[in-house]
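Colleague: I would like a close look at the side-chain contacts in this model. Please take one part and then connect it to the rest.

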Amino acid sequence: DYRTALVVQQIIAVTVVAILFLAAPAITAAYALPPDRVWVFRAMALAVFPLSLKSIPQARLQREFRHDKVAASDVIEYLVYLVAALSMAALGYGVWALVAATLLRYTAGAITVHLAARSGVRIGYEHQRAAGLIQTALPLQGGILLDLGNRAIVPIVLGGILGLAAVGVTGMATTIVDAVILQPLVLVASVQLRLLARVQDEPERMRTLLGDFYSAGGLVILPLATLLAIIAPTVLPLILSEPWHQVEFVVSGLVLSSALQVISAPSAQAAKALGDVHAPLVGGIVTLALQLLIVVIAAPRIGIYAYPLSALVSGSIWAVLITSRVARRVGMPPVQALLPILAAAAVAGGIWFAAVSLSTNPWLMIGGLILGGLAYLALLVLLAGQAVGRLLAFAAGAVPARLTGVSAAITTASSTCDRLQLRLPSEARP
């Protein structure tokens with residue numbers, strides 16, 4: 001299967017590179033760039049090859065739940081990218097610094113993930129296996145391509161209405177939100193899919209797992225999203241120059257749609273685990289159509305803020321659609337697991353907002369941010385101590401055997417959280 005998949009991937013990669021190579025002059029002309037920039041697009045297209053070589057060993061590591069090695073590979077390739085891009089930019093290579101850094105990044109990623117998986121590049125082909133892989137993979141890959149297209153097409157349409165500067169602002173805002181929220185979510189989603197696939201024939205266990213996933217995603221991502229939405233309008237103007245000052249408000253809006261992705265991610269992975277390979281494709285089509293419609297209607301009236309509005313509305317509808325789709329198969333997932341986390345994040349958000357908006361003293365602001373974090377943790381233990389304790393117990397079981405002290409400390413914290421949760425009187429319990 002792996003060898004056949006690699007051959008199919010390389011056929012697709014060659015096709016994509018050929019299309020981009022031929023389309024480079026048209027892309028350059030569309031952006032009114034100098035003719036020599038044609039080779040920038042053609043060189044960037046070559047990144048498809050090392051990217052395609054990463055996926056097979058990465059899938060093998062994920063099947064073995066060696067996400068530590070996947071994460072290490074990601075960190076190494078990102079460090080290679082930063083060092084190469086900044087060094088070459090400082091030496092005056094201009095846009096070619098980005099091209100070279102991108103190619104080096106994905107090449108380093110492909111090498112490190114192959115070394116981590118202890119696998120070489122092996123080629124083989126069986127027509128029957130290829131047909132089965134393509135039949136399963138096409139809807140999933142179609143959904144991924146639609147998501148990528150969504151990120152490219154919607155900003156370009158917005159730029160056609162408001163000018164090319166809007167493309168840069170939305171791109172910068174999306175990059176910031178992705179780095180803080182969506183990159184961790186991508187790693188978590190791959191773990192969720194494999195665990196849910198193990199219980200695909202046990203609806204009750206799948207609902208229990210979904211409740212844990214809602215709690216785990218909410219525990220980590222929702223406070224980060226709340227904090228980013230509040231501090232972005234204050235902090236980003238200190239970092240970015242004047243032309244980029246709209247970014248902070250776009251970031252605050254996009255954070256809400258990203259929080260919805262956190263909520264819908266476990267349901268989306270459950271749909272895949274249940275064999276509903278068409279769900280991502282349907283979701284991609286619905287999301288893209290809605291975002292384009294909202295941008296075209298709202299951008300002339302509210303400007304660049306039509307972009308986060310379109311993401312929020314389409315994300316809300318997608319969350320409802322995918323959750324109801326899973327509910328028809330295994331029963332309604334326990335989304336109520338998020339309620340105590342939302343309450344704790346709301347209280348912490350109120351403290352953070354007061355600290356940022358009512359004071360200009362940096363020490364008071366930092367103190368308010370710390371106080372909000374402590375309030376979040378305290379409320380979390382009081383309102384959802386059992387869920388936190390269960391997640392900590394799971395984490396303790398995943399700690400390597402040689403780290404017995406760490407495992408014991410996490411286990412103690414787990415029992416403490418469970419003990420401290422507020423309990424309803426026995427007669428009031430449902």
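In which helix do arginine 207 and glutamate 204 lie, and how many residues apart are they?

Modeller: The model is predicted. Arginine 207 and glutamate 204 both belong to helix α8 (residues 203–239), where they are 3 residues apart, about one turn of the helix. They form a salt bridge, with the closest N and O atoms 2.2 Å apart. Another salt bridge joins glutamate 202 and arginine 205, at 3.5 Å from N to O. Glutamate 202 is partly exposed, at 33% relative accessibility, and arginine 205 is partly exposed too, at 48%.

The structure holds 4 salt bridges. One of them pairs glutamate 77 with arginine 105, whose closest N and O atoms are 3.1 Å apart. This pair links distant parts of the chain, with glutamate 77 in helix α4 (residues 67–90) and arginine 105 in helix α5 (residues 95–117), 28 residues apart. Glutamate 77 has a relative accessible area of 3%, so it counts as buried, the limit being under 20%.

Arginine 105 has a further contact: its charged end sits over the ring of tyrosine 81, 5.2 Å from the ring centre. Tyrosine 81 is buried, with a relative accessible area of 19%. Tyrosine 81 and tyrosine 78 both lie in helix α4, 3 residues apart. Their ring centres are 6.3 Å apart and their planes are at 25 degrees, so the pair is stacked. Tyrosine 78, at 41% relative accessibility, is partly exposed.

Note on methods:
Residues are numbered from 1 along each chain as its sequence is written. This is a predicted model: local features need pLDDT of at least 70, side-chain atom pairs count only at pLDDT 80 or more; totals for chains, interfaces and linings use all residues. Side-chain values use heavy atoms; hydrogens and water are left out. A salt bridge is a side-chain nitrogen of Lys or Arg within 4 Å of a carboxyl oxygen of Asp or Glu. Helices (H or I, at least four residues) and strands (E, at least two) are DSSP runs, numbered from the N terminus. Buried means under 20% relative accessible area, exposed over 50%, partly exposed in between (1.4 Å probe, protein chains only). Rings of Phe, Tyr and Trp (its six-membered ring) pair if their centres lie within 6.5 Å; planes under 30 degrees apart count as stacked, over 60 as edge-to-face and the rest as tilted. A charge sits over a ring if NZ of Lys or CZ of Arg is within 6 Å of the ring centre and within 35 degrees of the ring normal.
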